[in-house]
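Here's a quick briefing to read alongside the model. Have the viewer open and follow along.

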Amino acid sequence: SDTYGFPLDLTQDEARRRGFSVNVDGFEAAMAEQRQRSRENWKGSGQTANTNEWLAIRDRMGPTVFTGYDNIEGSGEVLAIMNAGAPVETAEAGDIVEVLFDTTPFYAESGGQAGDHGTLEWPAGEAEVIDVRKHAGDLHVLVAQVTAGKLEIGTRAAQLVDAEKRRTTRANHSAAHLLHTALKNVLGPAVAQKGQLVDAERARFDFSHGAPLTEAELSAIETEVNAVIRQNVPAETKLMAPQEAIEAGAIALFGEKYGDEVRVLTLGRSLVSDNAPYSVELCGGTHVARTGDIALFKIVQETGVAAGVRRIEALTGEAARQYLLAQAGVARSLAQGF
């Protein structure tokens, strides 16, 4: 699987115990084929719409009103439809198109957070939302496959975000913020974020550091993040001017573009100072209501991705629990083999 199913390393351990081997080359080839299939599935999805087309639509229609910080359901009017990069009036069953609504609860991929999934429903049909992209700066454009009926400009549709995927994505994104602070605390303040990807499956975080992390460092990072999770304190969000937020101690990410107003997210309480926050960052993503909503944090991999850049992949909540159960199961099997 190209998601977090049973991990390859644990599969290899169990195979060795039973006298088998894993065809890693075959596994990698199958993974490459799956990634290619995923890319092929995007063909015709409207991703080829040129920038000027979207800028023109933005000038005519204005920005999308995003309601997704407080809602995972809503309704909106279809303002534009793109099929393979060209504007169209309608989309038929089977078409994969890009759809722009006047208002939407669907989060568009940005800041390292994946776009929402979900469904659209209207009296004459329905569609599956398979991704959400941001165009022209502030248009939330839904990539949708029409599964029944016909979708037309002017249609008013119910928009239903996949609640479970949103919940786990929120947890993974908030965990990435806690991880960022823990890395600075354990490795030193020179650590800088170099990239991230958070979705419904995992948190992937790239950061500057010159050497592989030791087991002791990884353990200290996990312990710190889980301690803040157990605080179960409410997340706080404020709207501020970027410079004001930075002067107040919020971490701004190098290379990110910020508007006149930014969302400042505070998570947890400092583990060493009274009345001080644990994590304060500028972030437009969706996050947990309380740190306890993350439930559990587990690092599953730490690797190098470039000179001076390391990558941590981590799981939260039920996925983290299942990972630990799988590890425990392998350990029991190995113990029984002796």
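**A strand pair to start from**

Strand E13 (residues 203-208) and strand E18 (residues 309-316) are joined by 6 bridges and run antiparallel. Within that pairing, Ser208 sits opposite Val309 in E18. Keep in mind that this is a predicted model.

**The sheet around that pair**

- E13 and E18 belong to an open sheet of 4 strands, ordered E12-E13-E18-E17, with antiparallel pairing.
- Strand E12 (193-198) and strand E17 (297-306) are at the edges with a single partner strand each, so one side of each has no neighbour in the sheet.
- On average, neighbouring strands here are turned by 15° against each other, if you ignore direction.
- As a bit of background, strands of a sheet pair through backbone hydrogen bonds, and they can do so parallel or antiparallel.

**The helix across it**

- Helix H5 (residues 215-231) lies across E17 and E18.
- Relative to E17, helix H5 runs at about 135°.

**The whole chain**

- Zooming out, the protein chain has 7 helices and 18 strands.
- Of its 338 residues, 42% are buried.
- How much of the accessible surface belongs to carbon and sulfur atoms? The figure is 49%, out of about 17,000 Å² for the protein chain.
- If you take contacts between residues at least 6 apart in sequence, 68% of them join residues at least 24 apart.

Terms used: Residues numbered from 1 in each chain as written. Predicted model: local features only at pLDDT ≥ 70, side-chain atom pairs only at ≥ 80, totals over all residues. Heavy atoms only, no water. Helix = DSSP H or I, 4+ residues; strand = E, 2+ residues; numbered from the N terminus. Buried < 20%, exposed > 50% of the residue type's maximum accessible area, 1.4 Å probe, protein only. Contact = heavy atoms within 4.5 Å. Areas by Shrake-Rupley, 256 points an atom, 1.4 Å probe, with all protein chains shown as cover. Pairing = 2+ DSSP bridges. Axes fitted to C-alpha atoms, helices over the stretch in contact; angles between N-to-C directions.
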